[in-house]
Amino acid sequence: MRMYDLIQKKKQGKILSTEEINYMIENYTNGTIPDYQMSAMTMAICFTGLNDKETLDLTLAMRDSGETLDLSGIEGVKADKHSTGGVGDKTTLVLAPIMAALGVKIAKMAGRGLGFTGGTIDKLECFPGFCTGISQETFIKNVNDIGIAIAGQTANLAPADKKLYALRDVTATVDQMSLIASSIMSKKLASGSDIIVLDVKTGSGAFMKKFEDSRALAEAMVKIGTMAGKSMAAVITDMDQPLGNAVGNSLEVAEAVSALSGMGPADLMEVVYALGTEILLLTKKADTGEKAKAMMEECINSGRAKEKMAEFVSAQGGDASYVWDVNKFPKADYTEAVTADKTGYVTGIQAEIIGNACMALGGGRETKSSVIDLSVGILLEKKKGMAVKQGEPLAVIYGNDKEKIRKAHRQILSAYTIKDNPPKEEPMVKLRISS
Ligand code: URA
């Protein structure tokens, strides 16, 4: 078999066999196939596409390119939740302890933030001492003992995807549905859970800006997971403005803890309940959406969800006293309000710009090795649909460097659109897809 022939075949829109896809991934991972041939292939895929079978074959070949997590030591059904990434998205920090408190086993591999989006692993590291690099043994023990463990992705999980994603990133071949779906699902399938619930974001702060693209991606991933024998569901949720009010690591953790105390912002809770409902239905802990929501509300109101959060933080070496007193998180040296330059209604907040403003403050990563400042961020005082008077604060910046604050200030102001009339109300949860 020659890579040249496979590129030619795909360029002509022909279908690659399982053997051909396996050959390509195996030899790209071990370095026999060079980057220039693989980039010709990904470009050919961008133009002629992959069918469902090829997409599944590509996913499984990338899943099997490295180690897969063996969760057979965990009793019962294991659930995982994955978000395609957004700004202010602290859903996992709220959802995971609620699910664990309701008896669902949460065994999750999470990522760090890159670019304007945040990552769960960075947020968890806001708890002093919290270890995201726990051994597989501790991971399994924690899930068995307390129902939850969240760890950083191991280096050898789907290495083919790691290499291919880096190549796509520099060859303008990221935005192809089958390539994105297989990339995400190869890592999810390698992480071993039985149930996978996907939060596919749509809007200005999402990877997929258009609803129809988000829907196609969600359907493709649900199909792949189902064909690979997993119980799957996806919800498409709004990312046309940041989720919740807090953007920035410590600020987001504090907001997540407040949500576990029953004081979560409405948009965040809607996403948490939508994803939680899918998990409770798939695990058969609830038989209707109404029952699932009532169970989650009771779990929060009784204090069990917050207690589970403290137990989880402590089990991974973190200081759980921060769960009981969020004022302990380190504060940025300066705060500065961004005020409205006119009276009206907020009709839009460009999530990507807010994410970039947080990055400008030092709260995000330009490259994988950047060191981030966990204390900086932005608290949004006004969200879409709210009335605002000229001079009133739209947002408050938390920063440690006056020059960076000045830059973030300009960005935040430019992210807001204020008009005379309120915008049309949009649902947070736009669509549910199940297998
Ligand atoms: N996230 C991934 O893991 N892969 C993609 O291709 C896009 C987003």
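This is a predicted model: local features need pLDDT of at least 70, side-chain atom pairs count only at pLDDT 80 or more; totals for chains, interfaces and linings use all residues.
A polar side-chain atom of Ser183 sits 2.6 Å from a nitrogen atom of the ligand. Around the ligand are Tyr165, Arg168, Ile180, Ser183, Ile184, Lys187 and Phe207. Two of these residues, besides Ser183, have a listed polar distance to the ligand. In the side chain of Arg168, an N or O atom is 2.9 Å from an oxygen atom of the ligand. For Lys187, an N or O atom of the side chain is 2.4 Å from a ligand oxygen atom.

The wider layout comes next. The chain is divided into domain 1, covering residues 3–49, domain 2, covering 78–325, and domain 3, covering 332–419. Between the C-alpha centres of domain 1 and domain 3 the distance is 43 Å.

Ile21 counts as buried because its relative accessibility is 1%, and the cut-off for buried is under 20%. Leaving aside residues up to four places away in sequence, Ile21 touches Leu16, Glu54, Asp57, Leu58 and Ala61. Met62 is 41 residues from Ile21 along the chain, and the C-alpha atoms of the two are separated by 9.7 Å.

Is Lys308 buried or exposed? At 13% relative accessibility, Lys308 falls under the 20% cut-off and therefore counts as buried. The side chain of Lys308 makes a polar contact of 3.1 Å with the side chain of Glu311. Again without residues up to four places away in sequence, Lys308 touches Pro97, Ala100, Ala101, Ile146 and Ile148.

The last stop is a sheet. Three strands form an open sheet with antiparallel pairing, in the order β10-β8-β12. Its edge strands are β10 (387–388) and β12 (416–419), each of which pairs on one side only. Strands of a sheet pair through backbone hydrogen bonds, in either a parallel or an antiparallel way. Here, strand β8, residues 344–349, runs antiparallel to β10 and is joined to it by 2 bridges. Tyr345 has Ala387 in β10 as its bridge partner. Helix α17, residues 402–415, packs on this sheet and touches β8 and β12. The direction of helix α17 makes about 45° with that of β12.

Conventions:
Residues are numbered from 1 along each chain as its sequence is written. Side-chain values use heavy atoms; hydrogens and water are left out. Buried means under 20% relative accessible area, exposed over 50%, partly exposed in between (1.4 Å probe, protein chains only). A polar contact is a pair of N or O atoms within 3.5 Å; within protein, one must be able to donate a hydrogen and the other to accept it, and residues adjacent in sequence count only if both atoms are side-chain atoms. Contact means heavy atoms within 4.5 Å. Domain bounds come from an automatic or database domain assignment. Two strands pair if DSSP finds at least two bridges between them. Helices (H or I, at least four residues) and strands (E, at least two) are DSSP runs, numbered from the N terminus. Axes are lines fitted to C-alpha atoms, for helices over the stretch in contact, and angles run from 0 to 180 degrees between N-to-C directions. A residue is near a molecule or strand if one of its heavy atoms lies within 4 Å of it.
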